[in-house]
Amino acid sequence: MNEQLTSLLLTGGRVIDPANAVDRVADVLLVDGRVQQVGTDLVAPADCETLHLEGLVVTPGFIDSHVHLREPGFEQKETIVTGTAAAAAGGFTAIAAMPNTNPPPDAAEHVVDVLRRAARDACVRVYVIGCITEGRRGQRLAPLEELAAAGAIAFSDDGDPVEDEGLMRRALEISCRLGRPLFPHEEFRRITDGGCMHDGEVARRLGVRGMPPAAEDEMIARDIELVRQTGGALHIAHISTAGTVDLVRAAKAEGLPVTCEVLPHHFLMTDADVERHGTAAKMAPPLRTSVDVEAMKAGLADGTIDTIATDHAPHTAQEKAQSLAAAPFGIVGLETAVGLSITALVETGRLDLPTLVEKWTSAPARILGLPGGRLGPGDVADVTILDPKRRWMVEPAKFHSKSANTPFGGTELTGRAVITIVGGRLVYRDEDLG
Ligand SMILES: [Zn+2]
């Protein structure tokens, strides 16, 4: 991905770099894949392309730490080519791939295989999250040391929980030694058993089984206790309940190494949207109540929730055309997440733009130990350029993703990424940019 390294000067934009406490109009000079200088009135070296960015916002490259690329094994839904094109178009310079592929990355060779495919096909950086258990079956631990040595940045059985407490304890002990977090999907299946949406009035009206919040709350409470005992770090995937915000807030107050992420739909929609959008609003964890939505916004504002991610989960139209009970869980998110989060959080005054940028950049970089997430001299030249006031409409037919399973089609949003730069190279440029 670095075949033609060049210089690129970004002038006149508002540079927001939370890791370096920068928020001012400045120029950024990128040379040979690295940030060389951030300052005023920088002079372009010879053969340097200049982008004039007055009125736009220049940030470290956005990192989506929760993506289902579907390759290998489910290429009818997405591939590394289409998934990373969607990432670039959504403003992401790096993504972390969840392990529910076939084969799953539960052996070093499978981690290496995904990295090799990404080196060939990806237009943004791709990191691999290795399995916690063999085959993601929740029965025997995967060789976490070998996965880490092969390049896995964290461990998850995402899509499925690790129900067995003893396994989870050992996984935390090992991940603590390795200095890489567990990144679990928290859901007691004995509680959600056969459910397809939040357990509440809407599920009863639709005549489908519900997924009680206790399924999430109880497993997170268990795992926080295991963190207390083992010292292993936990980065909890996609929290959705007010109860889990309280649990994580208390764990942080105690000083435990517990962090968490939220997905845009969990601070935007409720279970009532399942009635409106059907299977396009079916995901796990499910859309909850307005009380939970408010808890997500409060958790983002007070720092309890560290990161925002998409859980980009492509499925074919045929798969989503099944009944609510039978259709698979998940929605695509890479091409809507930045607009949704600016619209829902910044435009409403719940978060300022630098705080939102931090949750998409330096926070995931810090938690997952990734390069990027900052724009100081010597840092990787991964840059996202935002137009925070651009008004646009979500048009799933125009997605770069192979799939279009979203409940946000036709939604008017404010703010989006207009240029995406990876390693100093433009990988996306909005066609409407002047
Ligand atoms: Zn999950």
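I started at G13 and found its bridge partner in β2, which is A26. This is a predicted model, where local features need pLDDT of at least 70, side-chain atom pairs count only at pLDDT 80 or more, and totals for chains, interfaces and linings use all residues. Residues are numbered from 1 along each chain as its sequence is written, and side-chain values use heavy atoms, with hydrogens and water left out.

**The hairpins**

I looked up β1 (residues 7-17) and β2 (residues 22-31), and they pair antiparallel over nine bridges. Strands here are DSSP runs of E with at least two residues, helices are runs of H or I with at least four, and both are numbered from the N terminus. Two strands count as paired if DSSP finds at least two bridges between them. Four residues sit between β1 and β2, and A21 in that hairpin has a positive phi near 55 degrees.

Next I followed β2 to β3 (residues 34-39), and five bridges join this antiparallel pair. V31 has R34 in β3 as its bridge partner. This hairpin has two residues between its strands, and D32 takes a positive phi near 50 degrees.

**The open sheet**

Which order do the three strands of the open sheet have? I read β12-β13-β14, with parallel pairing. β12 (234-236) and β14 (307-308) are at the edges with a single partner strand each, so one side of each has no neighbour in the sheet. I found two bridges between β13 (residues 258-262) and β14, and V262 has I308 as its bridge partner in β14.

Last, I checked helix α8 (residues 242-253), which lies across β12 and β13 and runs at about 150 degrees to β13. Axes are lines fitted to C-alpha atoms, for helices over the stretch in contact, with angles from 0 to 180 degrees between N-to-C directions; contact means heavy atoms within 4.5 Å.
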